[in-house]
Amino acid sequence: MSASAPESSDVPTPDSEAPEGRPLDLLGLKGRPMNERVWPSTYAAIDRAGYVNLESASSGDEGATGAVFRAREKTTLRLVALKVILEPMRERSRQQLQRERKMLCADDLPSSAVRFYSCIESPDGSHQPVLVLEYIDGQKIHHYAKARALGIRELLALSGELFREVAALNARGVLHGDISPNNVLVETNGRLRFIDFGVARELESVLPSESSVDHVGTKGFTREDVLNGERRPEAHDDVFSAAALTIFLLRGERLESSGIASTGAEHLEVQRVARGLRSLGAPVDVVRALISAVGPESKSAGAAAIAATIERSFEAQRAAAQRRRFLVVASLLLLPFGWLGYQGWKLVRSERGAALERSIEELDAALRLRPNLSHPAVVAALNGRNAQQERFRAALRAEDLDTALMIGPAFEKQLRAALELSRELEVVEPLRAALGVVLDEMPWVKDLGYISDRWAALGSRKLALGELLDRGSVREAWTELRELQAGLAQLAAENAAAVRAHQARADYHRLEQSVAERLRALFPFVACTRRAAEGDRLLASGLFDGPGGTGAFGEFSQAQAELRKFLASEETPEETRARIAADQERDEKQELRISALEKERQSLEQAMEALRLELKDVGADRDREVSMRQARERDVVALEAAKGAADLELAGLRERISLFEAEARAQSERQQGRSWASCVGMEFVWIAPQAFYMGSPDNEPGRDRDEKKHRVELSRWYAMARTEVSQGLWREVMGPISEPWKGGEFVIEGGDVAATHIGWGDAVEFCERLTQLEKAKGSLWSGFEYRLPTEAEWELAARAGSSEAYSFGMDSKALGAHAVFVGSRDGAHPHHVRSREPNAWGLYDMAGNVWEWCLDAAEVSDNTIVSSTYRGGIVDPLERRGELRITRGGGWGDRAELCRSAYRNYASPGAAGAGIGFRPVLAARP
């Protein structure tokens, strides 16, 4: 870390003093302005912890909440940076201290982040906290650029590295929150490093909070709404800061507004920034990416995409330079050799078309895995996709590069926009549905016009929200969603007040109806009725419960109290008794009615008893005969039940014996190196019962929240199919006319190609038919069947004895030898089932090629799989609850981290796409 002279500030210091000034002398800081803010007891604590400063260290570097010193550890002579928290009594300083410690202590933090060594703290607060950090021997990024007089190419290269490091931070779930010239250092070897993680946060998967937050960031490099505390920073805010820093490096000045617009009054500001960048020689696509990133609502593709854009601009410049050199040389040749220049030009255009085709295939594969492709907005966004794709592919096949390069970019943009829309709708739609449930199912007081009108208006807003989402207007939908949520909350509160007011009105009117006619003409009674009428007016106007009892509830409550007081003073004893008698008369009438019904019931019972007495003598012999027959029937039923129990016990014993014999045979066959072959020639590998650890450790790259590492025991032998079910095996079992992949996209046909477009129910039916075929041949043991593997059975087979990310180790660069995935670049479609190396147990394609169905059901909450069986110490787990189904293994269109042994995915049972297949197991019924 670099050092600069601190500024003094009045900060209260504790009463404790440093011993005889020794720490000040050792640290070389005595008499400097920094001493006014660093407590003497803090120097003493630094000295006790074993740190002294270098003789050549000039001063400390002071920030908003801390001062940084260069120091040396006494024992190891290691250089470190000591960051003193200047105002530990402030809540914000304490929060930033804890946040920086938490961020820098993460195991998987990228190497660009400053390293955390330890913290010098005092439980009783007798000295200021001190963070012991890695000392970075470098310069702030703008000083580095100025000292070396970097040109436009060198500055863009430095900015490309900046965006790559920001993408690495965000990929590890870290949001820096304050990327500015003071917080980005460049080492002497040109390596970028990030410091000051005091406002860093963990990226969250939920929507940003609307509540106020701390004011964080640096003006000119942080959005104004974040600086003003209107919302929390998100991933695109780091992209904004990196883009603003790049513009600062190129132009030497900060943005005049943090969040410039591309339309309206600030259009001139956009033109000025863009014109300034172009005048410096920045490529057009780089300028466009930077301007998009600093827009008012950034929708840029992210830091990695901007870094790639900068890299592509360099590649384009290099390619252009190479073409120019080539053309110069070619022009010097004789005319017969002029065709070489034309061929080189065609080669460059062909490579551009191939790159465009790969990008389109990746986007199309990602889209096909989205769960909301049938949403009207997504359907509209993809309108004409198939025709465009066919035209693009036809142009490439015909080597018509002009047409391909004209169609391709627009088609790629359409796919990218549809993918982004699908992701946004996946977040918005559940919220809209939840508000609809509240609106439709809450017990509203709809007989009140005020409530019913408001309810109807909110219903219209809900319909309007649905129309906005169907049109794909997600930004407008967010505004409408927030307003609908606020309106529902307010109406619910008013509805509760209306219920209370209604109850008070009913209580009053019950009392009013019992008042004697003589009293109704008296003024107090009339005053009560007037107050009740006022309550009715307030109730109709929606004033249910005002402050100080001014609402309808207060009016009716007061009217009832006044009426009771009036009756207590004016009602005569006779009228009171008459009123009570009227109540009693109503009660007596009710009792008389009940008594009459009781007498009627008793008379019916007496008639029934008489009938029984008449039949008793006539049917005595019949009764004895029936009784004897019933006794014999009971004896027969008891004997049959005993026989059935014995048969069940015998069948269970036979099945257990069969299972024992089958497992013994499986163990014997495995020891002899033999595998099981089904009646249709499908090979199965025997796997012994054993305990193992499912899930992944916290530090495994690409790990998800639902991969908790836990111990599982499988108690029975089972045999896993050596390969995924191929198209040939599917036809062999299901019949020659059953080809669900026929005519589907991303499909090549072949007997050994993995069968796809198969739903969970179809895979279960395949296993049942294969079981019946095997039983018909008499070669299947009792109690065994072909079925889908449980999630635990699948992962044990995939690991093949390994506890690392893949069956072959941790290095994802070696995955291409074992899996067909997006990084293998050998065709965006399912492949032959033995096209890669098997794992240590001889199983092919356990990673990649196609996703494989499992037997387990699944429930999903917040994009996380929830399983009651995914816990330690469980034996033979199988989740049966949930409407979704587990898929495992990754596919041809997925990244390397999705092909890990522990990665869990899910899909609807009816999902049948080009990326889903299965493999059965031979095992006992679960």
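**Close-up views of helix and sheet packing**

**View 1. Helices α16 and α19 cross with a left-handed sense.** A crossing is left-handed if the near helix is turned anticlockwise from the far one by less than a right angle, and right-handed if clockwise. The model is predicted: local features need pLDDT of at least 70, side-chain atom pairs count only at pLDDT 80 or more, and totals for chains, interfaces and linings use all residues. Residues are numbered from 1 along each chain as its sequence is written, and side-chain values use heavy atoms, without hydrogens and water. Helix α16 spans residues 474-513 and helix α19 residues 552-570. Their axes lie 8 Å apart, at an angle of about 20 degrees. Axes are lines fitted to C-alpha atoms, for helices over the stretch in contact; angles run from 0 to 180 degrees between N-to-C directions. Helices (H or I, at least four residues) and strands (E, at least two) are DSSP runs, numbered from the N terminus.

**View 2. Residues at the contact of α16 with α19.** From α16 come R500, A501, A504, R505, D507, Y508, L511 and E512. From α19 come A552, F553, F556, S557, A559, Q560, L563, R564 and L567. Contact means heavy atoms within 4.5 Å. By class, 10 residues are nonpolar, two polar and five charged. Ala, Val, Leu, Ile, Met, Phe, Trp, Tyr, Cys and Pro count as nonpolar, Asp, Glu, Lys and Arg as charged, and the others, Gly among them, as polar.

**View 3. An open, antiparallel sheet of five strands.** The order is β12-β13-β16-β24-β17. Two strands pair if DSSP finds at least two bridges between them. β12 (676-677) and β17 (784-787) each have a single partner strand, so one side of each lacks a neighbour in the sheet. Strands β16 (residues 718-721) and β24 (residues 921-924) run antiparallel, joined by two bridges. M720 has V921 of β24 as its bridge partner. Helix α23 (residues 760-776) packs on this sheet and touches β12 and β17. The direction of α23 makes about 145 degrees with that of β17. Helix α24 (residues 791-799) also packs here, touching β13 (683-687), β16, β17 and β24. The angle between the directions of α24 and β16 is about 70 degrees.

**View 4. An open sheet of three strands with mixed pairing.** The order is β14-β15-β20. At the edges, β14 (690-694) and β20 (874-875) each pair on one side only. Strand β15 (residues 710-714) pairs with β20 in the parallel sense, over two bridges. E713 stands opposite V875 of β20. Helix α24 lies across β14 and β15, at about 90 degrees to β14.
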